[in-house]
Amino acid sequence: MKKRTKGILLITIIMIFALGAGAFLGAVTWIIKDTPDISNYKGSSEATLIYTADGELLTKLFKENRVYVPLERIPQHLKDAIIAIEDTNFYVHHGIDFWGIGRAMITNIKEGRLAQGASTITQQLARNALLSHKKTIYRKIQEAYLALQFERIYTKPEILEMYLNEIFLGHSAYGIETAAQQYFGKHVWELNLAESALIAGLPKAPNYYSPFNNLEAAKRRRNTVLTRMEELGYITAQEAQNAKNQPINVKQKTKKELERAHYFILYVRDQLIDKFGASMVYSGGLKVYTTIDIDLQKKAEDVINAKIKNGYLPSIKRSNSKNVQPQMSLITLDVKSGAIRAMIGGRGTDQFNRAHQALRQPGSTFKPFVYAAAIKNGYSLATVVNDMPMLASDSGKTGYNLNIWPRNYGDKYYGLVNLNTALTNSLNSATVKLIKNIGVKETIDLTEKMGITTFEKEDYYDEHYSLALGGLHRGVKPIEMASAYGVFANRGVYIKPYAISRVLDKRDNVIFEAKPEKRIVMTEEESYLMTSMLKSVIQNGTGWRAGMDRPVAGKTGTTNDYTDAWFVGYTPQIVTAVWIGEDNVRSMEYDDKDADGNYIYPENNSFLTISSAEAAQIWGEYMRKAVKNMPVLDFTKPSTITDVPIDPMTGLKPNDYSPRIEEMPFRQENIPQKEETLHTPVESVKIDKESGLLATSNCPKDQVVKKYYLSKSGIKIGPGTFYFRENAPNKDPKDRVKGSYIVETGEPVQLFDHEYGIPKKDRNGEVRYQTKPTRKCNLHPEKSSSSSVILKDIFDIFKSDD
């Protein structure tokens, strides 16, 4: 019985194995039948057509720039370099390197990542010439089969020749001859060892290791190739070292007519290569429909070219850069769809697209994210913050001792201000105090949801309050800044920007269709409140140069020492980000003079400084043209938002004595229910300037001034400007800054330190205010005079004083 059972079990196992093997062999046979025949392989090429959003042909991507060279014209050190870095056992294996596969698996397991590949040169030829780049078992079986067929039909030299003429080597260059011309301006047979090693290192990641894009990465990769050649005995240690010591002298591209939408085309090309592989892009006959609005693109290019031509943007040649400086970028997105409508990645036709590759400090254009976090945490536009100086040690800054940080522009501080006023005037001190209350992590979490992807762990430091002013560890990308502001314009919905709408193959089958990522980041009420504040920036604040005859919102940004200048803004239809800066970060203060010693660029014979003013000016000129034929729309106001009059100094309902009343939008839960009690009738009092006490009748008239106090509390009120001077012990007296505290009409005057301007507080941490003196002047005979008035009549009092 047991023998019979064992026999049945054995037969069952054999049958299962046979069926499995048969199924596997059948599947492999079917896949092989579907694999291209290479017996007469010659390669094929059909141009890829790229269209605008309106269906107009924008450009073609094609393969005709390949120059085929026979193996005997290729230098031996280039052939050795390719084999050393790509396929050490090329002359030994038969298309598949099983030892290489095992070695790669062990290496990858040890390092816990894909540190090493195992595709042979023959497999790469099969994949690049005849297959897609999809990482599937189906494709890998086809690749292995084709590699075996290549090895069966062609000799090793023939395979190597085909490979060297087939591979993609960056920037539309196929084959080593085109690459040699592109990078070094010479024929492949003229390349030296160092140049050959650089080209041999490109197949792994052509655009990344391109010396045009990343010179340091290209050098490291070249040296890796040389080291490998030395290890395998292709060159001596001395030859390797000599080659490593050689500088990379790439060919300087000749100046040619600027191609329309040059940087956008590069952006689309790179995305196509990532999706379909370089061979398909340059020979597959694809039809690519993009999102670009060629009319907006032309308007953007025309505005910038005019600014360059008339000297508004200077053109400086730097010894450490082949590109004219300062550089700039502009990108426009459709608010509702995220489609890229215009893209300028720089001045010229280089390969570095600053609109999506540059990482730059955003300056004050980051501030709206802090205010957005506050709004999401229940704050209203009327919430009051104290825009007064603070010590660096209280701001999370170490090593600054008794210095003031942050500083407001012009060292002007405004005391009690609401969020709307603080953002409108881009007040640094108020914004840092706000992020202290909201939290750095909360601000970053929201900003990431809005599409900013460049934060580092160093940015999450709890006291990293400089983040509020745009102090990021790496910086931001212009395209991501535009999409983040698009959240405000699009009722709180984030849409990831995209450039390709759909792609058709040569048989007109749709092989790709855009489905951009979307997510709700803010409520409609929250985004509308942010838009209301950013409208005020343009109407009443720093962004006035971007104004136009329709609703528009945005924010300026200038970094320390004028290294970056920004303006990001939007209408209900489109959002645009403009950035200006030098590629190698440096101040944009230009003092170039002509032969006679006169400044070249500006009016008034003074040096030129590029700041957010120039970015806003360019943004405004372009956007006014861009929206000219678009309908005039306003930002949609949610039905749950109500405009309410408030006292801007307290954020509460005004009373009969409130000197100023402002109307602001509120969510229902934020509408003030209480009436402010700060303001009461005003008492005007004559004060002796010398003693600071109540003036008497005998005080000299030219020493007597009239001051105003709230009659019930005795608190001194504005208007007025008060000065202080930073007296930091580690600063030279000439470097100390004279700051000013500007008090609006009716605003209580705070007690502050006259060295640093820091407000004084009571035991409960509440701000203390200056009050009416109780003693009479003791320098002159006694006699005083006072009268009571109502605060809202204070303007008449000032007029009568004149």
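**Figure 1. Surroundings of L272 in the predicted model.** Setting aside neighbours within four places in sequence, L272 is in contact with I50, L61, G277, V281, V288, I500 and V503. The model shown here and in the views that follow is predicted. L272 and F488 are the residues with the most contacts inside the largest nonpolar core, which has 96 residues. Helix 18, spanning residues 478–489, gives the most to this core, with 8 residues. A second, separate core comprises 45 residues, including I74, L164, L169 and Y183. In soluble globular proteins, nonpolar side chains tend to be buried together.

**Figure 2. Strand pairing around I50.** Strand 1 (residues 48–51) and strand 2 (residues 57–61) run antiparallel and are joined by 4 bridges. Within this pairing, I50 stands opposite T59 of strand 2. The hairpin that the two strands form has 5 residues between them, and G55 takes a positive phi near 85° there. Strand 1 also pairs with strand 3 (residues 287–290), in the parallel sense and over 3 bridges. The bridge partner of I50 in strand 3 is V288. Both I50 and V288 are among the residues in contact with L272.

Figure 3. Strand 4 (residues 327–334) pairs with strand 15 (residues 574–581) in the antiparallel sense over 8 bridges, and I331 stands opposite A577 of strand 15.

**Figure 4. Aromatic pairs, with two edge-to-face examples.** The count of aromatic pairs comes to 18. In one of them, the rings of Y208 and Y209 have their centres 5.0 Å apart and their planes at 75°, so the pair is edge-to-face. Y208 counts as partly exposed, at 44% relative accessibility, whereas Y209 is buried, with a relative accessible area of 16%. Y570 and F635 form an edge-to-face pair as well, with 5.5 Å from centre to centre and 80° between the planes. Y570 lies in strand 14 and F635 in the loop between helix 20 and strand 18 (641–646), so this pair ties together parts that are 65 residues apart in sequence. Y570 is buried, with a relative accessible area of 0%, and F635 is buried too, at 9%.

**Figure 5. A ring cluster that includes F488.** Ring pairs link F366, F369, F455, Y485 and F488 into a cluster. F488 is also one of the residues with the most contacts inside the largest nonpolar core.

**Figure 6. Charged side chains over aromatic rings.** R73 lies over the face of W189, at 3.8 Å from the ring centre. In another such arrangement, the charged end of K156 sits over the ring of F90, 4.5 Å from its centre.

Conventions
Residues numbered from 1 in each chain as written. Predicted model: local features only at pLDDT ≥ 70, side-chain atom pairs only at ≥ 80, totals over all residues. Heavy atoms only, no water. Pairing = 2+ DSSP bridges. Core = buried A, V, L, I, M, F, W, Y, C linked by side-chain atoms within 4.5 Å. Buried < 20%, exposed > 50% of the residue type's maximum accessible area, 1.4 Å probe, protein only. Contact = heavy atoms within 4.5 Å. Phe/Tyr/Trp six-rings, centres within 6.5 Å; stacked < 30°, edge-to-face > 60°. Lys NZ or Arg CZ within 6 Å of the ring centre and 35° of its normal.
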